[in-house]
Amino acid sequence: MNLDFMSLKTTSVAAVKGERHKEKILERQKAREAEQAMLSERELNPYWKDGGTGLPPEEDGAASVKKVTVVEDAGLSWLRKSYQRMKEQAEREKRNFEEIVAERYGSMEVFQSRLEEAEKVASRKENNYRSGRWKKTDYSESEKEKKEQHMKKETRDEDDRN
């Protein structure tokens, strides 16, 4: 009797799956390397540099929600945006916030007074808009008389029909 069948190589299903898994991992690594090779050292987008995704990182959900700005807000939205930019510049350059405000507006008090004034004007405009929207029209005396005469005429016409 020959025992040639025992010298045959046998493989299990787990071993075959393991080999396939290793091949997939190698293919993914090759694809990543090819993508990295396509990126140039002269890339201008800072989010692509150093193996990034090309998009800026999400810091937190509250900061990503943007407020809707009103067109006629007396410059309030512009001043708030300027304030935010000055804070970012102070953090980026590691400088004092008041110094940056002083460079742009002269002093912190000047900026705060402008901001307060814009807030007052914007709130006044918003209140006027809200109150005037459903406000009952105020008729002058002559208009009231005309309206009353018109109403009397209509009631007379109705009485004549009856």
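**A glutamine and its neighbours**

Let me begin with a single side chain: leaving aside residues up to four places away in sequence, glutamine 89 touches Lys94, Arg95, Ile100 and Arg104. Please keep in mind throughout that this is a predicted model. Glutamine 89 sits in helix 3, and with a relative accessible area of 12% it is buried, because the cut-off for that class is under 20%.

Is lysine 94 buried or exposed? Its relative accessible area is 74%, and lysine 94 is therefore exposed. The backbone here also deserves a look, since most residues other than glycine have a negative phi. Lysine 94, although it is not a glycine, has a positive phi of about 55°.

**The two helices**

Two packed helices are described by the angle between their axes and the distance between the axes. For helix 3, which covers residues 76-93, and helix 4, which covers residues 97-105, the packing angle is about 130° and the axes are 9 Å apart. That angle makes helix 3 oblique to helix 4, and the crossing of the two is right-handed.

Which residues make the contact? Helix 3 contributes Trp78, Leu79, Ser82, Tyr83, Arg85, Met86, Lys87, Gln89 and Ala90, while from helix 4 come Phe97, Ile100, Val101, Arg104 and Tyr105. Sorted by class, the contact of helix 3 with helix 4 holds nine nonpolar residues, together with two polar and three charged ones.

**The whole chain**

Finally, the setting in which this pair is found. The protein has six helices and zero strands, so that, read from the N terminus on, its elements run α-α-α-α-α-α. Of the 162 residues in the protein, 10% are buried, and glutamine 89 belongs to that buried class. Among contacts with a separation of 6 or more, 34% are between residues 24 or more positions apart. The protein exposes about 15,400 Å², of which carbon and sulfur atoms supply 51%.

Definitions and conventions: Residues numbered from 1 in each chain as written. Predicted model: local features only at pLDDT ≥ 70, side-chain atom pairs only at ≥ 80, totals over all residues. Heavy atoms only, no water. Axes fitted to C-alpha atoms, helices over the stretch in contact; angles between N-to-C directions. Helix = DSSP H or I, 4+ residues; strand = E, 2+ residues; numbered from the N terminus. Parallel < 35°, antiparallel > 145°, perpendicular 65-115°, else oblique. Left-handed = near helix turned anticlockwise from the far one by under 90°. Contact = heavy atoms within 4.5 Å. Nonpolar A, V, L, I, M, F, W, Y, C, P; charged D, E, K, R; others polar. Buried < 20%, exposed > 50% of the residue type's maximum accessible area, 1.4 Å probe, protein only. Areas by Shrake-Rupley, 256 points an atom, 1.4 Å probe, with all protein chains shown as cover.
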